[in-house]
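Biologist: Please show me the model, and then let us go through it in questions and answers.

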Amino acid sequence: MLPTAELHIHIEGTLEPEMLVELAARNGVGLPTSDLDELRAKYDFTDLQSFLDLYYANLPVLRTDQDFYDLTSAYLARAERAGVRRAEIFFDPQVHLNNDVPLGAVFEGIGGALRDSPISTDLILCFLRDLGPDAAAETLRKAMPYRERFIGVGLDSAEVGHPPAPFAEVYQRAAAEGLHRVAHAGEEGGPDYVRDALDVLGVERIDHGIRAMEDPELVARLRDEQIPLTVCPLSNVALRTVDKLSDHVLPAMLDEGLAVCVNSDDPAYFGGYVDDNFAALRSELGITEEQLATLARNSFDACFVDDERKSAWK
Ligand code: HPA
Ligand code: ZN
């Protein structure tokens, strides 16, 4: 098992159909079907939005501290078996607030599971870019009573049509609070989204970033500045950002000397956890043991921890 850090994982995207059905029953929330095969059959996407529609539709089953605890514990147990030593975990507070779940329940539930796990973990609060910058600012304000419970902010949800620049002010406020900054960019959006995330939002890592490969100047910059890119190969295939894994740009990114690492994104929806991503890279892309070691080293180098802790994992 290859020890790795997982830096691009949405906790809500680890909601497996079995737990979806269990939580729906526990909380009396209706589902279109409780048949696991029928639920799995819906996990067939044409693009990012088709996935987001299902992802958001499933999340009202999460209501209490215990629900968030159970979701997070299940991920951490699976991640431990996948070789994950460190996880920097995204969560989407706006979804839960919109479902009338108090932030305290989200932080208590997720936080309790993090405390009970042997994996080194921290949380990154994501803003839903399609809800706009004012809603993001309001969310950060509401999260400030829990400031010590998360280490950074991110930007996710529907990318195209929702570029980074309008979020400049809320990212500035996050930086002033000592929070780390990351953003999804270059998943479906073009190289400009990646450039603006770096220049306008001041992000320290790019989530996905695969479309940066279309712009040689940007590639040179990402290499020179060794900006970490949290790539999610099975996610890209599931959302048809690439036609098949053998077309993925990951080998080219490695050849360019980019600071790429491998992550699972929303493993319940995209066909597997980080070990499944590594296995697919081996079998379908011919990624070598040496390249796998580089990917793992890159993942630890990109963590938001001090060098001493990094070298203990590497
Ligand atoms: N991309 C963008 N937003 C998301 C994703 C994703 O894969 N998962 C959850 N929110
Ligand atoms: Zn993501």
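This is a predicted model: local features need pLDDT of at least 70, side-chain atom pairs count only at pLDDT 80 or more; totals for chains, interfaces and linings use all residues.

Modeller: Residues are numbered from 1 along each chain as its sequence is written, and chains are lettered from A and ligands numbered from 1 in the order in which they are written.

Biologist: How many residues of the shell around ligand 1 are charged?

Modeller: A residue is near a molecule if its C-beta atom, placed from the backbone, lies within 6 Å of it. The residues around ligand 1 include H10, Y55, D156, H184, E187 and D265. Asp, Glu, Lys and Arg count as charged, Ala, Val, Leu, Ile, Met, Phe, Trp, Tyr, Cys and Pro as nonpolar, and the others, Gly among them, as polar. By class, the shell has two nonpolar residues, five polar and, as asked, four charged.

Biologist: Is E187 buried or exposed?

Modeller: The UniProt annotation "active site", from an unreviewed entry, covers E187; such annotations may be inferred rather than shown by experiment, and positions are given in the numbering used here, with feature names shortened. A residue is buried if 20 or more other C-beta atoms, placed from the backbone, lie within 10 Å of its own, exposed if 12 or fewer, and partly exposed in between. E187 has 24 such atoms within 10 Å, so this residue is buried.

Biologist: In which strand is H8 found?

Modeller: The UniProt annotation "binding site", from an unreviewed entry, covers H8, H10, H184 and D265. Although spread over 258 residues of sequence, they cluster in space, with a largest C-alpha distance of 11.7 Å. Strands (E, at least two residues) and helices (H or I, at least four) are DSSP runs, numbered from the N terminus. The place of H184 is in strand β5, whereas H8 is found in strand β1.

Biologist: Why do the buried residues of α3 line one face of the helix?

Modeller: The buried residues of α3 (residues 48–58) are L48, F51, Y55 and N58. The arc is taken from the directions from the helix axis to the C-beta atoms. Seen down the axis of α3, these residues line one face because they fall within an arc of 100°.
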